[in-house]
Amino acid sequence: MSRVMFALSGLPAGIGLARDLVPHIHNAFVPFGIDIEFYQQDNVVLSSDPELTANSWPKLVKGLQTQSGYKTPAHLVVTQYPPGFDRSIDGQLYDTKYRGVAVVYTDVDLYGSGGAASSPGLMAQVCVHEIGHMFDLTHGLAQQSNYASCMSPASIRQHWTLRDAWNGAIAEAQLHGEPPITMPTSLRIYPFNGACRHELTSVLANPTKLPFGGPFSGGSGSAAGDRNLSLTLEIEPDSERDTISIGAGLYATVVLRNHANFIVEIPLHLGPEYGSMRVAVMNPDGQTTLFRPHKLVCSSARRSLAPGASAYCSVALIQAYGHSLFARPGPHICRVEILDLERIPKIRLAVAEMAVEVVDEGAATALNNELTRALAERRISRLKLEKAARDAGEVGVADHVRWLKAKRFASWRQRKKEFESIAAGKGPRRIRHRAARRLAVEQLLLGASPEEVSDRLAQIFHDSADSQLFEAVNRSAAGIAACSLGGAIQ
Ligand SMILES: [Zn+2]
């Protein structure tokens, strides 16, 4: 048995709820020789929800990482409001580069109107799921079995009783000649499936799999062939230029279209950070690099795509942990796959490829590299950097820098001004949407009505690809209304 230390942080109410669940969390990992222990000294108790204050989350996460010295304890944080008040999000691995901080939200749809306090069993499952990510377990591993397990999305787990899931695990272990599994006497947590059991058994021999041991393996491994012939995928670059310079990012809108005459179910959230989109870039040498988002957001919500309808997702593919995806001149292939997290076994809903020509633009190249590195390392406070980005003509990078800076403004007025100018600017759609959504959330928190906010945004955004922005704003509005938060910012 090897001890792995965790600290429990967050809001007092959430910490209290999670503390009652500690025995269940602990028991889930015991079969793998992992003795999860929560100790109290390093807990950070928050006085208000970080979602309500600008730039609180990055500061908090950085603080926890520093406090642990990027070793142990790992941090399970429990707060109330999900990102953007989007109640379809249950939790997330906040730092995929280190796997040291995971967050569980208590005020989400999964728990119904009573919140997490009314569903301790479900909350325990979410905690185990997020801690599983910290041990480098992916959603893709869960999809290798034909039953619901700890690392399946919550929506799959809800379709399976605990008893049926455990019977599935017992049968699977038998089939593969694993040591027999017995059904626990009190059923609270789903079993880990074969692939996850295999990973967890080797964790202690491989410290890079421990929290803070190394980067996350990626939200989504590759999937089997397309199963859904009704859907097509297109990648539309945001820029009118047909080349990008070395070290720069790629900004595009991905369009998933339903060509069938019936409704097709797809994940509500499309994007690399949700594990529902896998992006790989092949360089001129034939080497493939996977795009790695900085967060893994666990959402299990679904949506229906009507016949003839399209779902849009704008992406900003900037860097993968300090490595540029476009580091060499020459032709690159960018491959985007949409994965269905809910199907067992995992299926790919659609795939598309786009050719990207990378050119060496001399002086601009060095500057671009410097800027993207500075971005990745969050050394973005210098005004100089912003000016340099503008001079380099890299619209996307400059806008990204502005967006990160805008988030940090303490005053609501300053933020509003900056977000407005980014949203109405000419930059990549992804960044303009992000600024607009942040603006919308703040206005809703100030008490503006959803109609007012949408009307204002509609003056700037009226392309069909902007529908994702309005859908996101609607989810935020619903979440803010459900939490009776209108007028929360004074
Ligand atoms: Zn997850």
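**View 1. Helix 12 is mostly covered.** In this predicted model, 16 of the 17 residues of helix 12 are buried. A residue counts as buried if 20 or more other C-beta atoms lie within 10 Å of its own, as exposed if 12 or fewer do, and as partly exposed in between; the C-beta atoms are placed from the backbone. Helices (H or I, at least four residues) and strands (E, at least two) are DSSP runs, numbered from the N terminus. Helix 12 covers residues 429-445. At 1.5 Å a residue, its 17 residues should span 24 Å, and its end C-alpha atoms are 24 Å apart, which agrees. The expected span is 1.5 Å times one less than the number of residues in the helix. Gly447 follows helix 12 and has a positive phi, near 110°. An α-helix has 3.6 residues a turn, so residues three or four places apart point the same way.

Two notes apply to every view. Residues are numbered from 1 along each chain as its sequence is written. Because the model is predicted, local features need pLDDT of at least 70 and side-chain atom pairs count only at pLDDT 80 or more, while totals for chains, interfaces and linings use all residues.

**View 2. The whole protein has 14 helices and 19 strands.** Its radius of gyration is 22 Å, close to the 23 Å that the globule rule gives for 490 residues, so the protein is as compact as a globular protein of that length. The radius is taken over C-alpha atoms, and the globule rule is 2.2 Å times the number of residues to the power 0.38. Along the principal axes, the C-alpha atoms fill a box of roughly 65 × 55 × 50 Å. Of the 490 residues, 49% count as buried. Take the contacts with a separation of 6 or more: 73% of them join residues 24 or more positions apart. Two residues are in contact if their C-beta atoms, placed from the backbone, lie within 7 Å.

**View 3. Domain 2 touches domain 3.** The protein is divided into domain 1 (2-209), domain 2 (224-360) and domain 3 (365-482). These bounds come from an automatic or database domain assignment. The contact takes 18 residues from domain 2 and 19 residues from domain 3. On the domain 2 side, strand 9 (250-258) and strand 15 (310-317) each supply at least two residues. Strand 15 gives the most to this side, with five residues. By class, the domain 2 side has eight nonpolar, eight polar and two charged residues. Here Ala, Val, Leu, Ile, Met, Phe, Trp, Tyr, Cys and Pro count as nonpolar, Asp, Glu, Lys and Arg as charged, and the others, Gly among them, as polar.

**View 4. Strand 5 is covered and has two partner strands.** Strand 5 spans residues 101-105, and five of its five residues are buried. In a regular strand the side chains alternate between the two faces of the sheet. Val101, Val103 and Tyr105 point one way, and Ala102 and Val104 the other way. Strand 3 (residues 74-79) runs parallel to strand 5, joined by five bridges. Val77 stands opposite Val103 in this pairing. Strand 4 (residues 89-93) pairs with strand 5 in the antiparallel sense, over three bridges. There, Leu93 has Ala102 as its bridge partner. Two strands pair if DSSP finds at least two bridges between them.

View 5. Pro73 lies in the loop between helix 2 (56-67) and strand 3. Asn55 sits in the loop between strand 2 (34-38) and helix 2. It has 15 C-beta neighbours inside 10 Å, so it counts as partly exposed. With 25 C-beta neighbours inside 10 Å, Arg99 counts as buried.

**View 6. Pro83 lies in the loop between strand 3 and strand 4.** Pro83 is partly exposed, because 18 other C-beta atoms lie within 10 Å. Leaving out residues up to four places away in sequence, Pro83 touches Glu51, Ile89 and Val297. Pro83 and Thr208 are 125 residues apart in sequence and 29 Å apart in space, C-alpha to C-alpha.
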